[in-house]
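Hello,

Here is the structure I promised to pass on. Please open it first, then read my notes below.

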Amino acid sequence: MTGTSSAPLPGSALLNPAALRIPTAARHTEQRKRYSSDVRIAKPKPDAWVTIHPDQKFHWENLWAYEKDKSFYLLTPAVYDELEDSVQRVFAECDFYLAAVLNDDPILWMVKHSDTDYFRTMRGAVEAAMAGWVQVQSNQRSKRYDFKQPQATYPTPDWSEYATPDDAQKLFTTLFTDRVIDQTGHDVLERIRGRK
Amino acid sequence: MIFPTYQEVVVLDLEFHTDMVDGNKPVPVCLCAVELRSGRKHRVWLDTGQRIPNPLPADALYVAFTASAEWGCFLALGWDLPVFICDLYAEFRCLTNGRGQIIGTSLIDALVYYRSPAMPKSYKQDMRDRILQGGPYNSEEQEDILDYCMADVDGTLVLLHAMEGGINLAAAVERGRYTKAVARMEWSGIPIDVPLLGALQKHWAEFRKELVAKVELENQYGVYKPNKSSFSFNYKAFDALLVREGLDGIWQRTKPTRPGLASRAYLKDDYLKEMSEMFPRLVPLRALRKTLSGMNSLEPPVGTDGRNRSSIRAFAAKTSRNQPRTREMIMCFPAWARSLMRAEPGHALLYVDLSSAEFGIAAALSQDPAMMEDYRAGDPYLGYGKRIGVVPQEGTKATHGALRERLKQVCLGVLYGMGAETLALKLDISLEDAQKLLRLHRRAYPRYWEYADAVVEAARFEHQIWTAMDWRLNDAHCEKTNSLRNFPMQATCADILRLACCLATEAGLEVVAPFHDALLLHAPLQKVDESLESMSGCWSRASAALLGGFELRSDVSRKKAAFEYPRRYEDGRQADFFAKALAFLTKRGYPYGVGA
């Protein structure tokens, strides 16, 4: 019985399990996981039924946004004003709405502003989605979006996981951390300029 | 108390063998049962060679698992079939239909699903093997078999307790009624031209080789390459064929099973069927492939009485349709091989199918007035053409046959949720024209489209859809939109077929096989007209009962529906393949010359 003892060496802090345990606040709890993985920024799929969160705290409207390879960046208005025209042009004024998707994870529904029927009809769909379920489909023949409402009445989704201003802030923070452009020399802007 | 509306409930199981011949009628071995109210148990050895009276109460609710097998034994014993039946197999299928996880459908699987104790599969297999070897059974074996049979009754009872809360008894009893029709059909079996079957069986490998050579010679596909012993399908050559035919851009391909491997052309029979309908040059290839890949040997189970018997496998499909095994039931063989069916002397085979069943069912379920009017007018596809103004009011099948076929493609395609791209491909028209055709269909039958959308909507929101007879599709929100659109038509057609089967068999008609929207009957020659009329009445009553009074028509013209001995059954397709088979045998000295 020599040299096989598993007892910790006296005084070794490295082998103290209590000292190694991750503090509760830093652990990946279920709630943290949900915010980081479930909600993505997207437009509703054509066969999906969606409805927008009725609380305006979960609506973020009139933001400058830029999308590249499914990554979304927001721009502060002050920086936007300082940008050269060629870079300004790649940003669009956008609205974001937390929307429940039937039988799927919720999305942050992004609506890009434009002077087209596509945008105007999409606004109509958004208004309807604030009151109930809708299905939105692109009508390429008429260059517009068509939306339809269910023939029957179905219950609204359970929004208890997204109820408080804190929930709204957490969601926004999770989706846009490191994605807010707050200076004219930001890497993303440099890439747009072709310098990186 | 279980099912309190019934004074007596009997849970039962019977064992049987088939005298070592697949396709023979069942020979009952024993019966075990328990009467739930009294607790009385029955253990009856039946393999005695003597007539044994039925010891069970006639007006009880009979509960069994795969009940049609029990009724086959009842028929063999000369016992009356029960009136009220609850088949836990059918109910288990209904309650778990569409569930994502893989669920077997045996009694043991069902017990495991409900986390109930079940006998080991190996024990069951051993006992079954012994029973199927047939008698005589010594006294120890008899006791073992009775114990095993009673263990199945106990298992069925446990399952009944587990499932009872989920069973809609009224619908269950109606499904149970169908198990009697199944038993009668399986008891009858399909009459086969046994000498012809035997001759083909004897030379099957040789015939297959000759068939490949002939079809290749006639069509120059170049996809079957000879090898040492036979021939093999060459995927590269098929790719080359697709290039030659200009189909390489549209033909579906399978995903490679491993990175680095090439994808292969998709060749499942249903896809090949769909494509060969669009590109008729591929029709012989599809028939050949089905003959070769589905039938390495030609061994349908045929009893010593010359009847093909195999399980109808009721409720096996998601839509609740029967799903007999394609290598066992001759009605599921390639179309040409169905000509092996022939009525017995002095009899006729009667093939009675519903006319434009899916269109009619869609019309009735959606209550679209225009669609119902077009169905009632006689030819719904011409009716649709007249409605959208492409066929003149006086147009008939004779004057506008080709156009009618195209309109039929549109009408049926819509029921399957076909999109404009596929329709364009199918009709060889531009995408714009296909889109226009679909828009015209929407305008012609707006109520139908509203209904179809509502079905999909309900499935997505409520996660379940069901038919009038309460056949359920669970987890319906996970299904593809097109499958959901079509489900009510398919499942309602299955409901109608089951009811028509019940009515026909209860009326004494000898129904020998069900097939999609058709039934195959065997009738004495002098009763052909009467049987056709009677069967037509069964279809009408069944459809009216399930479609709110809307009757579907059936085609009962004797010339088309009756195959009188010695005429063999003809499917109307692949007749040249059957002619090749007869010519092949004639060359070898069999008496199958012209007209045989």
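The accessible surface of chain B is about 26200 Å², and 51% of that belongs to carbon and sulfur atoms. Accessible areas come from the Shrake-Rupley method with a 1.4 Å probe, and for residues only the protein chains shown count as cover. For chain A, the surface comes to about 12400 Å², with 50% from carbon and sulfur atoms.

A word on the ground rules. This is a predicted model: local features need pLDDT of at least 70, side-chain atom pairs count only at pLDDT 80 or more, and totals for chains, interfaces and linings use all residues. Residues are numbered from 1 along each chain as its sequence is written, chains are lettered from A and ligands numbered from 1 in written order, and side-chain values use heavy atoms, without hydrogens and water.

Now chain B. It has 22 helices and 15 strands. Helices (H or I, at least four residues) and strands (E, at least two) are DSSP runs, numbered from the N terminus. The C-alpha atoms fill a box of roughly 70 × 65 × 60 Å along the principal axes. Of the 596 residues in chain B, 54% are buried. Buried means under 20% relative accessible area (1.4 Å probe, protein chains only).

Chain A has seven helices and nine strands. Of its 196 residues, 38% count as buried.

Next, the cores. A nonpolar core is a set of buried Ala, Val, Leu, Ile, Met, Phe, Trp, Tyr and Cys residues joined through side-chain atoms within 4.5 Å. The largest one has 187 residues. B:Tyr178, B:Trp251 and B:Tyr448 have the most contacts inside it. Helix H19 of chain B (residues 481–506) gives the largest share of this core, 13 residues. A second, separate core has 27 residues, among them A:Val39, A:Phe58, A:Trp60 and A:Leu74. In soluble globular proteins, nonpolar side chains tend to be buried together.

Look at B:Tyr448 up close. Its contacts (heavy atoms within 4.5 Å) include B:Ala362, B:Asp368, B:His441 and B:Met489, leaving aside neighbours within four places in sequence.

Finally, find B:Ile330. Where is B:Ile330 found? It sits in the loop between strand S9 (307–308) and strand S10 (347–353) of chain B. B:Ile330 counts as buried because its relative accessibility is 0%. Not counting residues up to four places away in sequence, B:Ile330 touches B:Ile190, B:Ile192 and B:Pro300, among others. B:Ile330 and B:Ser106 are 224 residues apart in sequence and 24 Å apart in space, C-alpha to C-alpha.

Best wishes

Notes
Buried < 20%, exposed > 50% of the residue type's maximum accessible area, 1.4 Å probe, protein only.
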